Amino acid sequence: LPTNAPMWFKDAAPVGPDDPMPHELIDKLTQHGQRISAVLEAVLAAQASTGAPQRLLDAMAYATLGGGKRLRPFLLVETAALFGRRDDGVLLAGAALECIHSYSLVHDDLPALDNDALRRGRETTHIAFDEETAILVGDALQTLAFELLTDERVHPDAAIRLKLVSGLARAAGASGMVGGQMLDLCAEGRRGATPPPPSERSIKSMQSMKTGALLRYACIAGADLAECSDRDRAALARFGEIIGLAFQLADDILDRTADTATLGKGVRKDAAAGKATLVDFMGLDAAKLHLNHQIKEAHSLLAEYGSAADTLKQTASFIANRTS
């Protein structure tokens, strides 16, 4: 591997489709992560001039700049590139999406929700700072995301920017990520509630909202930024939907097979909380096979774009093959 390859590429072994992790994807993801981090650093530095409290900014930096795959903004950037859009405005839109993702992790880790002490191999934000600050960090990152999407550099057409804002609001809100989190809490029987009987359909529905909504949005937003055709937009939306479900299935498999040191966060949490996953319904081997089929379907959706879609195809395989 390249000497600057992130830890989440170490010992990557194919779980699903066929090809080993290509070095060019490693390089692209690494360089992209650095570019998104640079954008986020600049954005946070600009916030300092607005009177934002330094402790809040320090905690926001801790939550956003402490590693991570930057997968969602990568999908956004690469989808836009597939249709010919490559500029700093796309990176700014990717940074907005990363703000939403980072806020969700900070809030998910809180004692009232998942109560996690470890994220990306280090202390979670509420432990590194405090619980009150972590709540405000999530609030600030969420609102910052929408501020960034209104920037004219994202797209000169205000109608496109409005489309991006409304799409992200839906993907992150009650019918998307937050709604999926609520379903997840209900499945645990929180607050004395009786959890509904789990089924493969209910699990997929919850996961498509909690995990899949932002991944699907990343692909749709990239298509919208490049103003592609409705047909192409629909194909990329389906691609995003499939890899969103694949990402969560890979997560469930890792929760059963990885260790804390490799994963960078706690493992076996779903079983401890009494939550059912697709791995429970399918069994581990069948789940891996299903993951393989999902990624192959994702590849088939991009076949008509030829080699121009190679990076997106490789990213789909990475979702299945990742070790953290």
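Helix 10 is mostly covered, as 13 of its 14 residues are buried. Here buried means under 20% relative accessible area, exposed means over 50%, and partly exposed lies in between (1.4 Å probe, protein chains only). Helices (H or I, at least four residues) and strands (E, at least two) are DSSP runs, numbered from the N terminus.

The model is predicted: local features need pLDDT of at least 70, side-chain atom pairs count only at pLDDT 80 or more, and totals for chains, interfaces and linings use all residues. Residues are numbered from 1 along each chain as its sequence is written, and side-chain values use heavy atoms, with hydrogens and water left out.

**Helix 10 and its end**

Helix 10 covers residues 212-225, and at 1.5 Å a residue it should span 20 Å. The expected span is 1.5 Å times one less than the number of residues. The end C-alpha atoms of helix 10 are 20 Å apart, which agrees. Just after this helix, E227 has a positive phi of about 55 degrees.

**The nonpolar core**

A nonpolar core is a set of buried Ala, Val, Leu, Ile, Met, Phe, Trp, Tyr and Cys residues joined through side-chain atoms within 4.5 Å. The largest one has 78 residues, of which L75, L76, L236 and F239 touch the most other members. Helix 4 (residues 88-108) gives the most to this core, namely 11 residues. Apart from its neighbours within four places in sequence, F239 is in contact (heavy atoms within 4.5 Å) with L75, C219, A298, L301, L302, L312 and A316. C219 counts as buried, at 0% relative accessibility.

On a 1 Å grid over the protein atoms alone, a cavity is a set of points where a 1.4 Å probe fits but cannot get out, whereas a pocket is an open set with protein on both sides within 12 Å along at least five of seven lines; lining residues have an atom within 4 Å of a point. Grid points are joined across faces, edges and corners, and a volume is the space filled by probe spheres set on the points. The structure holds 1 cavity of 30 Å³ or more.

| Space | Volume | Lining | Largest share of lining |
|---|---|---|---|
| Largest cavity | about 110 Å³ | 13 residues | helix 4, 3 residues |
| Second largest pocket | about 360 Å³ | 20 residues | helix 10, 7 residues |

Nearest the centre of the second largest pocket lie A171, A213, R216, Y217 and I220.
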